[in-house]
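This briefing is meant to be read alongside the sequence and the model. The topics are taken in turn, starting with one residue and its surroundings.

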Amino acid sequence: METRGLLRAGRPVPLSDRAAALLAVLLKRSPQPATNEALSRDLWPQTALPDGRISGLVLELRGAIEQKGEPEILRKTSAPDGYVFAARAVEDRRPVISGVGYRYSLFWDDREIPLEQGENVIGRDRDAHLRVDEGDVSRRHARVVVDGDRATLEDLASSNGTFCNDRRLKKAVALSDGDRITVGPVHLIFRARDSS
């Protein structure tokens, strides 16, 4: 089953249909800029461009996907007048369980991080699936490996260890719904949805 949506750090980002359509056009053209005229044709093919509609949609996108202090993701171009998507985006091909989302996930307080098939690294590294920016957490601290209907947790030779249900890991362990995972000061809950 294929669904379309925007995730940032594993969390769904709500967007209006028009803003999602604008993002899709910018992603398709990236790294080339899209002129306002081309965007107007793609978004409103039957009508003339309503004044300010594209800039309004860009503001909505910026509010949804840009974070304060980080480089701009949507950049305005001056010649020709338009916009360019200037960040890294990847297509998410995780399997979806019909109608309920991903099979496995981690909960960090009120935040749900869906887990993909294969390796899901937890750590301070910018490319970690779950980035934990804490001094007591190693760059590649631990990983959850999803293999079909099985998920395992493994410490990656971290400085301070990885704990599952308050026991320090010495080897990979199979995870069950509700298991508590601790990396540094962060506590996570593993959740497994029934696929039947």
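Does N165 count as buried, partly exposed or exposed, and at what relative accessibility? N165 counts as partly exposed, because its relative accessibility is 30%. The model discussed here is a predicted one, and its protein chain contains 3 helices and 16 strands. Of the 196 residues in the protein chain, 34% are buried, and among the contacts with a separation of 6 or more, 42% are accounted for by residues 24 or more positions apart.

- D179 is placed in the loop between strand 14 (173-174) and strand 15 (180-183), and although D179 is buried, it has no salt bridge.
- The nearest side chain of opposite charge to D179 is that of R180, at 6.8 Å; a salt bridge would require a side-chain nitrogen of Lys or Arg within 4 Å of a carboxyl oxygen of Asp or Glu.
- The side chains of D179 and N165 are instead joined by a polar contact of 3.0 Å.
- Leaving aside residues up to four places away in sequence, D179 touches C164, N165, A174, L188, I189 and F190.

**Backbone features**

- Most residues other than glycine have a negative phi, and most peptide bonds are trans.
- N165, the polar partner of D179, is not a glycine and yet has a positive phi of about 50°; N165 is located in the loop between strand 12 and strand 13 (167-168).
- A157 likewise has a positive phi, near 55°, in a residue other than glycine, and A157 is found in the loop between strand 11 (150-155) and strand 12 (162-164).
- A157 counts as exposed because its relative accessibility is 73%.
- The peptide bond that runs from S30 to P31 is cis, with omega near 10°, and P31 itself lies in the loop between helix 1 and strand 3 (34-35).

**Packing of helix 1 and helix 3**

- Two packed helices are described by the angle between their axes and the distance between the axes.
- For helix 1 (residues 17-29) and helix 3 (residues 53-65), the axes come within 9 Å and cross at roughly 90°, which means that helix 1 is roughly perpendicular to helix 3.
- On the side of helix 1, the contact is made by R18, A19, L22 and L23, while helix 3 contributes R53, I54, L57, V58, E60 and L61.

Key
Residues are numbered from 1 along each chain as its sequence is written. This is a predicted model: local features need pLDDT of at least 70, side-chain atom pairs count only at pLDDT 80 or more; totals for chains, interfaces and linings use all residues. Side-chain values use heavy atoms; hydrogens and water are left out. Helices (H or I, at least four residues) and strands (E, at least two) are DSSP runs, numbered from the N terminus. Buried means under 20% relative accessible area, exposed over 50%, partly exposed in between (1.4 Å probe, protein chains only). Lys and Arg count as positive and Asp and Glu as negative; His and the chain ends are not counted. A polar contact is a pair of N or O atoms within 3.5 Å; within protein, one must be able to donate a hydrogen and the other to accept it, and residues adjacent in sequence count only if both atoms are side-chain atoms. Contact means heavy atoms within 4.5 Å. Axes are lines fitted to C-alpha atoms, for helices over the stretch in contact, and angles run from 0 to 180 degrees between N-to-C directions. Angles under 35 degrees count as roughly parallel, over 145 as roughly antiparallel, 65 to 115 as roughly perpendicular and the rest as oblique.
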